[in-house]
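Colleague: Could we examine this structure together, one residue at a time?

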Amino acid sequence: MSVLSDRDILAALAAGEIAIAPFDAVDVQPASVDLHLDGTFRVFRNNRYGFIDPRVEQPDLTEVERVADGEQFMLHPGEFVLGQTREKISLGNSLLGRLDGKSSLGRLGLLIHSTAGYVDPGWVGNLTLELGNVARLPIALYPGMRIGQISFHRMSSEVERPYGSSELRSRYQGQTEPTASAAHVGFDDEQQAHDGARITKPRD
């Protein structure tokens, strides 16, 4: 598996293996493409549930807030919200993406994802950002600012089941706004399957 260089990124864009909209060639870095922050955020409302339970749907746990261009969203110390990239990303079946934060923002204490930095082959949609502030002062976020960068890796072969395939139960394909966790979807089925496999596993 190899990382695409700037010339390979442009070639993949021209060939339709990668789609980024909106796209500006000025955002192409030596081995990545800069992405920008959208003005839509999903904010946690901590007074509505006693705890977060990944097993059940908690529809009122978060709500969407929108910030206009030129305005700021204030991310307070220790706060965690969901944002998204302004760009819609589409990947072919032989490429995967890796989302990373900008170094300049990391040095201010801004994290843009906790675990969701992996973009599967076949992905289509805006990327949800897991925004966290580990600094001791609030950080002002502005719609349109450079927020992260995505690199692209060519796989050893094209995947058989790209993201979005029905049998994979892909939960976020085609998302157009910061999307709340769907951890509850199929939670019990997956647990039962895991327990069944553990029970039927032959002894050594």
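**The surroundings of one asparagine**

Colleague: In which element is Asn133 found?
Modeller: Strands are DSSP runs of E of at least two residues, numbered from the N terminus. By that rule, Asn133 belongs to strand S11. This is a predicted model, in which local features need pLDDT of at least 70 and side-chain atom pairs count only at pLDDT 80 or more, while totals for chains, interfaces and linings use all residues. Residues are numbered from 1 along each chain as its sequence is written, and side-chain values use heavy atoms, without hydrogens and water; the element that holds Asn133 is strand S11.

Colleague: Why does Asn133 count as buried?
Modeller: Buried means under 20% relative accessible area, exposed over 50%, and partly exposed in between (1.4 Å probe, protein chains only). Asn133 counts as buried because its relative accessibility is 3%.

Colleague: How far apart in space are Asn133 and Gly78?
Modeller: In sequence, Asn133 and Gly78 are 55 residues apart. Gly78 is also among the residues in contact with Asn133 (heavy atoms within 4.5 Å), once neighbours within four places in sequence are left aside. Others in that list include Leu75, His76, Pro77 and Glu79. From C-alpha to C-alpha, the distance between Asn133 and Gly78 is 5.5 Å.

Colleague: Which backbone oxygen does the side chain of Asn133 reach at 3.0 Å?
Modeller: A polar contact is a pair of N or O atoms within 3.5 Å; within protein, one must be able to donate a hydrogen and the other to accept it, and residues adjacent in sequence count only if both atoms are side-chain atoms. The backbone oxygen of His76 lies 3.5 Å from a polar atom of the Asn133 side chain. At 3.0 Å, the side chain reaches the backbone oxygen of Leu137.

Definitions and conventions:
Helix = DSSP H or I, 4+ residues; strand = E, 2+ residues; numbered from the N terminus.
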